[in-house]
2 protein chains.
Amino acid sequence: MAPKVFYISDGTAITAEVFGHAVLSQFPLEFESLTIPFVETLAKAENVKRQINDCFITTGERPLVFHSIVKPEIRDIIYSSEGLDYDFLNTFVAPLEQHLGVSASPVLHRTHGKANHGYEARIDAINFAMDNDDGQTMKHMDQADLILLGVSRCGKTPSSLYLSMQFGIKAANYPFTEDDMDNLKLPEALKRNKKKLFGLTIDPVRLHEIRQSRMENSRYSSLKQCRLEVKEVEMMFKRERIPYIDTTNHSVEEIATKILDVTGLERHMF
Amino acid sequence: MAPKVFYISDGTAITAEVFGHAVLSQFPLEFESLTIPFVETLAKAENVKRQINDCFITTGERPLVFHSIVKPEIRDIIYSSEGLDYDFLNTFVAPLEQHLGVSASPVLHRTHGKANHGYEARIDAINFAMDNDDGQTMKHMDQADLILLGVSRCGKTPSSLYLSMQFGIKAANYPFTEDDMDNLKLPEALKRNKKKLFGLTIDPVRLHEIRQSRMENSRYSSLKQCRLEVKEVEMMFKRERIPYIDTTNHSVEEIATKILDVTGLERHMF
């Protein structure tokens with residue numbers, strides 16, 4: 001039976017999930033998880049405690065409880081349940097207080113709340129990525145922090161969105177299409193922003209699979225066309241000395257952080 | 001002087017950042033941070049160790065080092081630096097091994113890598129959110145998990161994107177505009193997906209500010225128009241019994257998790 005896991009927070013529970021997920025991914029096991037966010041009142045906390053205790057009674061195993069609860073009176077109720085507590089916030093807060101010589105002054109919703117400075121800049125970055133997706137306009141290229149280039153369906157859009165959402169980077173992206181292949185060159189708006197350009201490429205066979213699921217048996221999705229486009233675009237990246245990475249075996253997180261690593265663009269954190 | 005912080009990982013360092021950021025946000029201090037991802041070789045690790053030691057020599061203070069390093073030989077080098085280690089992975093892995101009766105078998109890139117099952121579904125969800133943003137088509141409403149409704153600039157787009165990116169939810173969104181106000185009603189494609197509808201609303205004064213920065217001194221951005229649209233749309237939410245929340249003081253994380261909490265939609269984790 002898959003071990004049971006609770007992620008609990010008086011906020012969004014996103015931090016508890018990321019933390020618990022990272023720890024549990026070290027084990028070669030499947031887990032069955034339940035996330036309970038916004039446990040902000042004593043009544044809600046008592047309710048969660050009952051759920052944890054019921055789980056223990058039903059399964060005979062003490063469930064794992066990952067929590068990032070800021071309010072002490074809520075935390076105490078969860079602590080008093082039959083769950084096994086993994087409280088990463090407090091485990092690390094006490095030694096830090098000692099080292100910094102400053103008491104922690106917990107405030108709810110500071111991690112994923114709006115009070116977080118730079119929040120407006122982040123929303124601006126998301127809107128920028130939306131408005132400048134897929135080369136729909138060249139008007140704002142001068143305002144971009146980064147411009148991703150590549151063939152259709154190589155991962156430009158998810159990467160741009162992730163960079164804006166997670167790191168507040170204003171990322172535009174521009175596609176090279178079938179019609180460009182005879183005479184592949186950079187448009188003027190990209191040429192004058194040469195330092196912001198970053199290429200994405202992909203294995204042609206994988207590209208063929210992805211395009212097949214969008215437009216089956218078309219010229220666009222044919223392996224021949226995929227091979228041609230990837231080859232031409234990679235040659236251009238080399239000719240123009242545009243740094244590029246292969247997205248085939250990488251997640252958006254890996255692609256995004258790799259790009260920041262290579263370009264030296266600063267991560268903004270939220 | 002702001003305390004110095006390093007976030008270090010042999011992967012993307014996203015987990016180390018989220019974890020460290022959550023812990024440090026408990027303190028009423030500003031920190032100066034540097035993130036170093038992809039520390040995958042002994043040479044890179046030695047280089048990072050030098051940076052940490054240089055920081056100690058320059059500032060006279062031992063920097064804080066948050067890390068989530070999977071490879072033991074890399075971790076040992078970081079441990080041997082002058083930094084103060086906060087190693088949340090291993091702090092919790094040992095007690096978990098005991099409880100689960102299973103040894104951890106660390107694999108690199110399991111947390112934010114592509115091997116992660118459901119990765120394709122997540123990319124599909126991101127593409128779905130892009131293709132069904134701002135009511136640009138009604139064709140795929142039957143395939144949506146969730147359809148967000150509201151006036152222009154109330155937070156629909158960032159919320160839809162976040163829900164798709166973070167939780168793999170297929171979220172469409174549909175705007176009500178000036179022209180709809182005289183006779184506000186749900187289009188047919190939304191009516192037959194009534195259970196998927198969720199409303200967003202916003203304080204009219206805040207809406208006015210946001211719209212002013214997009215289109216100054218227009219009818220669209222006038223406080224009068226903002227008040228009218230918000231009032232009409234809220235009345236419709238009530239009339240049609242569509243659940244809704246006010247986004248004014250909430251981050252996209254809070255809006256997204258609140259929606260999942262109210263609707264009972266399942267979070268998919270990546």
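Here is a short chat about how two chains meet in a predicted model.

Visitor: How many residues are in contact between chain A and chain B?
Guide: There are 88 residues of chain A touching 88 residues of chain B. Put together, the two chains bury about 7500 Å², with 66% of that on carbon and sulfur atoms.

Visitor: Which part of chain A gives the most to the side that touches chain B?
Guide: That's helix 4 of chain A, residues 88-100, with 10 residues. Sorted by class, that side of chain A has 42 nonpolar, 26 polar and 20 charged residues.

Visitor: And how many residue pairs are in polar contact across the interface?
Guide: The rule finds 12 of them between chain A and chain B, with both residues at pLDDT 80 or more.

Visitor: Now for Glu30(B): why is it called exposed?
Guide: Exposed means over 50% relative accessible area. Glu30(B) has 54%, so it counts as exposed.

Visitor: Where is Glu30(B) found?
Guide: Look in the loop between helix 1 (14-24) and strand 2 (32-36) of chain B. From Glu30(B) to Arg211(B) it's 32 Å, C-alpha to C-alpha, and they are 181 residues apart in sequence.

Technical notes:
Residues are numbered from 1 along each chain as its sequence is written. Chains are lettered from A and ligands numbered from 1 in the order in which they are written. This is a predicted model: local features need pLDDT of at least 70, side-chain atom pairs count only at pLDDT 80 or more; totals for chains, interfaces and linings use all residues. Side-chain values use heavy atoms; hydrogens and water are left out. Contact means heavy atoms within 4.5 Å. Buried area is the accessible area (1.4 Å probe) that two parts lose on being put together, summed over both. A polar contact is a pair of N or O atoms within 3.5 Å; within protein, one must be able to donate a hydrogen and the other to accept it, and residues adjacent in sequence count only if both atoms are side-chain atoms. Helices (H or I, at least four residues) and strands (E, at least two) are DSSP runs, numbered from the N terminus. Ala, Val, Leu, Ile, Met, Phe, Trp, Tyr, Cys and Pro count as nonpolar, Asp, Glu, Lys and Arg as charged, and the others, Gly among them, as polar. Buried means under 20% relative accessible area, exposed over 50%, partly exposed in between (1.4 Å probe, protein chains only).
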